[in-house]
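Hi,

Here is the structure I promised to pass on to you. Could you load it next to this email and follow along?

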Amino acid sequence: MSSLGLGLLLKSLGPQAVMTPDPTVEFSLMGFAGNPELQLALFTAFLVVYLMTLLGNLGIIILIRTSPQLHSPMYYFLGNLALVDLLYSTVVTPKLLSDLVRQKPLSYVGCVTQVFVFSVFLVTECFLLATMAYDRYMAVSHPLHYSVLMSPRLCVQLVGGSYLAGLLNGMGQTIGMLNLSFCGSVVVNLFFCDLSLLASLSSSDSTLTSLIMTVPTFLFGVSSSLIVLVSYIAIVSTILSIRSAEGKCKAFSTCASHLTTVSIFYGNGLFVYLKPSSLKSREEDKWVAVLYTVVTPMLNPLIYSLRNQEVKEALRRLRARKRT
């Protein structure tokens, strides 16, 4: 989001909707600046994790596109999940690495852009995981009609709806950010611009921003969580109705990778947003934020590649083609 784009957005919203931003405002993302003795170790660890995130998610995307046996709804969704993981990790991690080397304030436009992009991809991931839960329900409960029920058109619509929900959330969070006013240099005790923390640091009334944060969290977070929950209740019910132990194991194995990913993602999110705020919890939240912004995007491709026989077989064939 450039300065021109921000200006156009401000004009479209009208003078009553947002505060006039002060171009001199800067945000010092302190992150882990309070631990100078650990900065080299943290930089090395985060760099390794980020490189693994890039390689893992790009590898999944390329593997799905180049392997005909992976051209199915499940892997279409997985490819989009890998893309979202790659993008929203890239919004945060490079700045984190840069600040560990040399602390440099983030401009107002930069902070708004980070809030917007991160909000878009965070909610997009929520709905992609919900879509994948629905897809697993169809695969387990209606295996004979799966290819008809999960048509290419429906898959595109589900993915498009996930991105649209993310875009709506990003626009709402950006409006909430633009409604806040700040003075001079703002010290943020986190490694990225988090709107809930910025609202507490604002010098203006943050009532509207708090409302804007709460409503999308309820609408998008709860709705996507319910889709996952209902889908897995139906999946468990179907698995329990299968008589053979082999059939039960086969049905469960189709959901194991997704269930692991969902547990990590929503577990981290619930910890952050439901835990009471305090100075102690803020320090703990910083490390939890590392899990869902830095570590989880690295884990997802590992979970799907290590536990999935189809991905392993596609990777083996790709290596064999390269050798020949």
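First, the ground rules. This is a predicted model, so to speak: local features need pLDDT of at least 70, side-chain atom pairs count only at pLDDT 80 or more, and totals for chains, interfaces and linings use all residues. Residues are numbered from 1 along each chain as its sequence is written, and side-chain values use heavy atoms, with hydrogens and water left out.

**Overall**

The protein has 11 helices and three strands, where helices (H or I, at least four residues) and strands (E, at least two) are DSSP runs numbered from the N terminus. Their order along the sequence is α-β-α-α-β-α-α-α-β-α-α-α-α-α. Of the 324 residues, 46% are buried, with buried meaning under 20% relative accessible area, exposed over 50%, and partly exposed in between (1.4 Å probe, protein chains only). The accessible surface comes to about 16,300 Å², and carbon and sulfur atoms hold 69% of it; the areas come from the Shrake-Rupley method with a 1.4 Å probe, and for residues only the protein chains shown count as cover. Among contacts (heavy atoms within 4.5 Å) with a separation of 6 or more, 79% join residues 24 or more positions apart.

Val49 gives you a example of such a link to look at. Val49 sits in helix H2 (residues 39-66) and counts as buried because its relative accessibility is 15%. Leaving aside residues up to four places away in sequence, Val49 touches Val294, Val295 and Met298. Thr296 is 247 residues from Val49 in sequence, yet their C-alpha atoms are 9.8 Å apart.

**Helix H4**

H4 covers residues 108-141, and its end C-alpha atoms are 50 Å apart, which agrees with the 50 Å that 34 residues should span at 1.5 Å a residue. The expected span is 1.5 Å times one less than the number of residues. In H4, 28 of the 34 residues are buried, so the helix is largely enclosed by the rest of the structure.

**Pocket and cavities**

On a 1 Å grid over the protein atoms alone, a cavity is a set of points where a 1.4 Å probe fits but cannot get out; a pocket is an open set with protein on both sides within 12 Å along at least five of seven lines, and lining residues have an atom within 4 Å of a point. Grid points are joined across faces, edges and corners, and a volume is the space filled by probe spheres set on the points.

The second largest pocket holds about 520 Å³. Its lining has 19 residues, and those closest to the centre are Arg136, Lys250, Ala251, Ser253 and Thr254. Helices H3 (73-101), H4, H9 (245-274) and H11 (309-323) each give two or more residues to this lining, and H9 gives the most, with five.

There are three cavities of 30 Å³ or more. The largest cavity has about 60 Å³ of space, and its lining includes Leu29, Gln39, Asp99 and Phe191. H3 gives the most to that lining, with three residues.

The second largest cavity has about 40 Å³ and is lined by Met74, Phe77, Met132, Asp135, Arg136, His258 and Tyr304. Here H4 gives the most, with three residues.

Best wishes
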